[in-house]
Amino acid sequence: MLAIYRLSTKLRKHSFVLCTKLSKLVMSRETHVNGVDSMLQQQQQTEQGTPSGQTQPSGTVAQDQSGQQKKFSDYVRFLELVGNLKHTKRTGWVLRNVKDCESISGHMYRMGMMSFLLDGSQGLDRIKVMEMALVHDLAESIVGDITPYCGISREEKLLREFSAMSEIADLLGPTKERLLALFNEYEEGKTAEAKFVKDLDRLDMVMQAFEYEKRDNCPMKHQEFFDSTKGKFSHPFVIDMVNEINAQREKFAEKCSENGSTPSREVASSR
């Protein structure tokens, strides 16, 4: 069994590396093709005797207008996909029957706002942290919020998300490389910013769990979400934040106990 587990872990690692390499290859190829197309267009204009600054033929103007129209059409489609995240609930809360639970965009937005807690002493690129937080779950606008409880392997999840991100990035024109680079960096999880954003992802989850416990007056109901993150935070700043949340959570539970508020049968069975 140990040998099978090690083989499975190795295959998962190779699958992720392959997805990352394929994504980068597509980015570099498209950048090269776009550059060649631009050079050919400039050469064609020179050969046709159309000096820079002069009025282009009507056919060229029509092509430019068509290109502009497609660009803005793509931008509208991009914003529609981002809009999907405003209405898609986070799967973990849905599976736990949490009423009026947060959307994916709500989760990403608060993560982005967490970047304002950085004062420069942490040695992190605050802008990159904000951008990465806003990008890290963007693929879910197409594939949905896939969790380990959805019956989909991590390899298949990564393939779907990389494919979705390529589709989304194609709508952005020259800024697509930035979008894909941020997503790849987050998924690789090697840079300080990527590790920090992963910490923020877990921090927002436990923060949200505590907020639901307070809202629904059910202390300690969502303990499993705290258990799933135990020992996984790495940045000292985030660890301090989690410790503060835990301290407030314990005080809330004590206060409810003193006031005679007891967890429901469903709460008790979930501990």
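## A nonpolar surface patch

Tyr109, Met113 and Phe116 make a nonpolar surface patch of about 340 Å². Patch residues have over 30% relative accessible area and no salt bridge; nonpolar side chains (Val, Leu, Ile, Met, Phe, Trp, Tyr) are joined within 5 Å, and like charges within 9 Å. Accessible areas come from the Shrake-Rupley method with a 1.4 Å probe, and for residues only the protein chains shown count as cover.

Met113 sits in helix 4 (residues 104–114). Its relative accessibility is 38%, so Met113 counts as partly exposed. The cut-offs are these: buried is under 20% relative accessible area, exposed is over 50%, and partly exposed is in between (1.4 Å probe, protein chains only).

## The model and its fold

This is a predicted model, in which local features need pLDDT of at least 70 and side-chain atom pairs count only at pLDDT 80 or more, while totals for chains, interfaces and linings use all residues. Residues are numbered from 1 along each chain as its sequence is written, and side-chain values use heavy atoms, with hydrogens and water left out.

The chain has twelve helices and zero strands. Helices (H or I, at least four residues) and strands (E, at least two) are DSSP runs, numbered from the N terminus. Along the sequence the pattern reads α-α-α-α-α-α-α-α-α-α-α-α. The chain has 271 residues, and 36% of them count as buried.

## The largest pocket

Rolling a probe the size of a water molecule over the atoms shows where empty space is left. The largest pocket has a volume of about 1,400 Å³. Its lining numbers 38 residues; Pro148, Lys157, Lys198, Asp201 and Arg202 are the closest to its centre. The search uses a 1 Å grid over the protein atoms alone: a pocket is an open set of points with protein on both sides within 12 Å along at least five of seven lines, and lining residues have an atom within 4 Å of a point. Grid points are joined across faces, edges and corners, and the volume is the space filled by probe spheres set on the points.

Which helix gives the most to the lining of the largest pocket? Helix 9 does, with seven residues. At least two lining residues each come from helix 3 (91–95), helix 7 (154–169), helix 8 (176–188), helix 9 (192–215) and helix 10 (223–227). By class, the lining has 17 charged, twelve nonpolar and nine polar residues. Here Ala, Val, Leu, Ile, Met, Phe, Trp, Tyr, Cys and Pro count as nonpolar, Asp, Glu, Lys and Arg as charged, and the others, Gly among them, as polar.

## Salt bridges

Side chains of opposite charge can pair when their charged atoms come close. A salt bridge here is a side-chain nitrogen of Lys or Arg within 4 Å of a carboxyl oxygen of Asp or Glu. By this rule there are 15 salt bridges. One of them joins Arg77 and Glu80, with the closest N and O atoms 3.7 Å apart. Both residues lie in helix 2 (residues 58–87), three residues apart, about one turn of the helix. Arg77 is partly exposed at 36% relative accessibility. Glu80 is also partly exposed, at 44%.

Arg96 pairs with Glu224, the closest N and O atoms being 2.8 Å apart. Arg96 lies in the loop between helix 3 and helix 4 and Glu224 in helix 10, so this pair ties together parts 128 residues apart in sequence. Arg96 is partly exposed at 24%, and Glu224 is partly exposed at 30%. Glu131 and Arg178 meet in another salt bridge (2.4 Å, N to O). Glu131 lies in helix 5 (residues 126–135) and Arg178 in helix 8, so the pair ties together parts 47 residues apart in sequence. Glu131 is partly exposed at 28%, as is Arg178 at 41%.

## Loops

Asn97 is not a glycine, yet it has a positive phi of about 55°. Asn97 is in the loop between helix 3 and helix 4. Its relative accessible area is 65%, so Asn97 is exposed. Met220, also not a glycine, has a positive phi of about 70°. Met220 is in the loop between helix 9 and helix 10.

Thr88 is in the loop between helix 2 and helix 3. Thr88 counts as partly exposed, at 25% relative accessibility. Thr88 and Gly144 are 56 residues apart in sequence, and their C-alpha atoms are 7.6 Å apart in space.

Technical notes: 1 Å grid on protein atoms, 1.4 Å probe; cavity = no way out; pocket = protein on both sides within 12 Å on 5 of 7 lines; lining within 4 Å.
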